[in-house]
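User: I would like to go through this structure in short questions and answers. Please keep each reply brief.

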Amino acid sequence: MDTNRPRLQLSRRRILMGAAFAAIPGALLPDAPAGALAAVDYPAAEWQPAVSSNYTASNRPAGYTIDRVIIHITQETYNDTLAIFRNPDKKVSAHYVVRSADGHVAQCVREANVAWHAGNWDYNTRSVGIEHEGWVDQPAYLTDALYEQSAKLTAAVCAHYGIPRDRQHIIGHYEVPGSDHTDPGPLWDWVRYIRLVNFA
């Protein structure tokens, strides 16, 4: 413990300045930087917001029923995926991104809003999209941590919205009608994943 530091003196002026700052409405303060503490739907997630032009503001589940989770593979790194979601020219987003190395979860779009991840408007409105860092043909990205943390996230989403924890309601991007995507790909272990979701 450093006992040589000067003691903090709280003057009447400092106290009044602090009280005045505390009274400022949040809307008048500058936006918090990405990654700052913010309200997230999944408590273990870090807030890494997508740009608002890459999703549709909504009031789900009042506006649209949420009845499924769609599993994706990013075909990018974790950091590049977050950058894509922040780029207004890309017109894409997902609610969550799970990092391969440690299973860290970033939330990019609030669940009440419609993320643009499925390539099918009906499926976008009724789902929560979860991206996973990696490539469909590189099994090294499918780590134990990624599966375990993603399964906990999916289990929490299912519990919150009353979604059955089965393959009819937890689907791959390739199963979305009209999709030309193949993710999460043939290396994704659905049996393991659904088992983890059910035991989370």
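**Cysteines, pocket and cores**

Analyst: Cys158 is buried, with a relative accessibility of 2%. This is a predicted model.

User: Is Cys108 buried or exposed?

Analyst: The cut-off for buried is under 20% relative accessible area. Cys108 has 1%, so Cys108 is buried.

User: How many disulfides does a search of the whole structure find?

Analyst: A disulfide needs two cysteine sulfur atoms within 2.5 Å. Across the whole structure, the number of disulfides found is zero.

User: What is the volume of the largest pocket, and which residues are closest to its centre?

Analyst: The volume of the largest pocket is about 330 Å³. Its lining has 21 residues. The closest to the centre are Ile73, Thr74, Val92, Glu131 and His181.

User: Which element gives the largest share of the lining of the largest pocket?

Analyst: Two elements give two or more residues each to that lining: strand E3 (68-73) and helix H2 (78-85). The largest share is three residues, and it comes from H2.

User: How many residues of the lining of the largest pocket are nonpolar, polar and charged?

Analyst: Sorted by class, the lining holds four charged residues.

User: Where does Thr81 lie, and which residues does Thr81 touch?

Analyst: Thr81 is in helix H2. At 4% relative accessibility, Thr81 is buried, because the cut-off is under 20%. Leaving out residues up to four places away in sequence, Thr81 touches Thr74, Glu76 and Val97.

User: Which residue does a cis peptide bond join to Arg60, and where is that residue found?

Analyst: Most peptide bonds are trans. Here omega is about 5 degrees, and the bond is cis. The partner of Arg60 is Pro61, found in the loop between strand E2 (55-56) and E3.

User: What is omega for the peptide bond from Asp183 to Pro184?

Analyst: Pro184 sits in the loop between strand E8 (170-172) and helix H5 (190-199). The bond from Asp183 to Pro184 is cis, with omega near 10 degrees.

User: What is phi of Gln75, and is Gln75 buried or partly exposed?

Analyst: Gln75 is in the loop between E3 and H2. Its phi is positive, about 60 degrees, although Gln75 is not a glycine. A relative accessible area of 34% makes Gln75 partly exposed.

User: What is phi of Lys91, and where is Lys91 placed?

Analyst: Lys91 is partly exposed, at 46% relative accessibility. Its phi is positive, near 55 degrees. Lys91 is placed in the loop between H2 and strand E4 (96-98).

User: Which element supplies the largest share of the largest nonpolar core?

Analyst: This core has 28 residues; Ile71, Tyr96, Ile130, Leu153, Ile170, Trp188 and Tyr193 touch the most other members. At least two residues come from each of E3, E4, strand E7 (127-132), helix H4 (144-161) and H5. The largest share is eight residues, from H4.

User: Which residues is Ile130 in contact with?

Analyst: Ile130 is one of the largest core's members that touch the most others. Neighbours within four places in sequence are left aside here. The contacts of Ile130 are Val69, Ile70, Ile71, His72, Tyr96, Val98, Ser150, Leu153 and Thr154.

Key:
Residues numbered from 1 in each chain as written. Predicted model: local features only at pLDDT ≥ 70, side-chain atom pairs only at ≥ 80, totals over all residues. Heavy atoms only, no water. 1 Å grid on protein atoms, 1.4 Å probe; cavity = no way out; pocket = protein on both sides within 12 Å on 5 of 7 lines; lining within 4 Å. Points joined across faces, edges and corners; volume = space filled by probe spheres on them. Helix = DSSP H or I, 4+ residues; strand = E, 2+ residues; numbered from the N terminus. Nonpolar A, V, L, I, M, F, W, Y, C, P; charged D, E, K, R; others polar. Buried < 20%, exposed > 50% of the residue type's maximum accessible area, 1.4 Å probe, protein only. Contact = heavy atoms within 4.5 Å. Core = buried A, V, L, I, M, F, W, Y, C linked by side-chain atoms within 4.5 Å.
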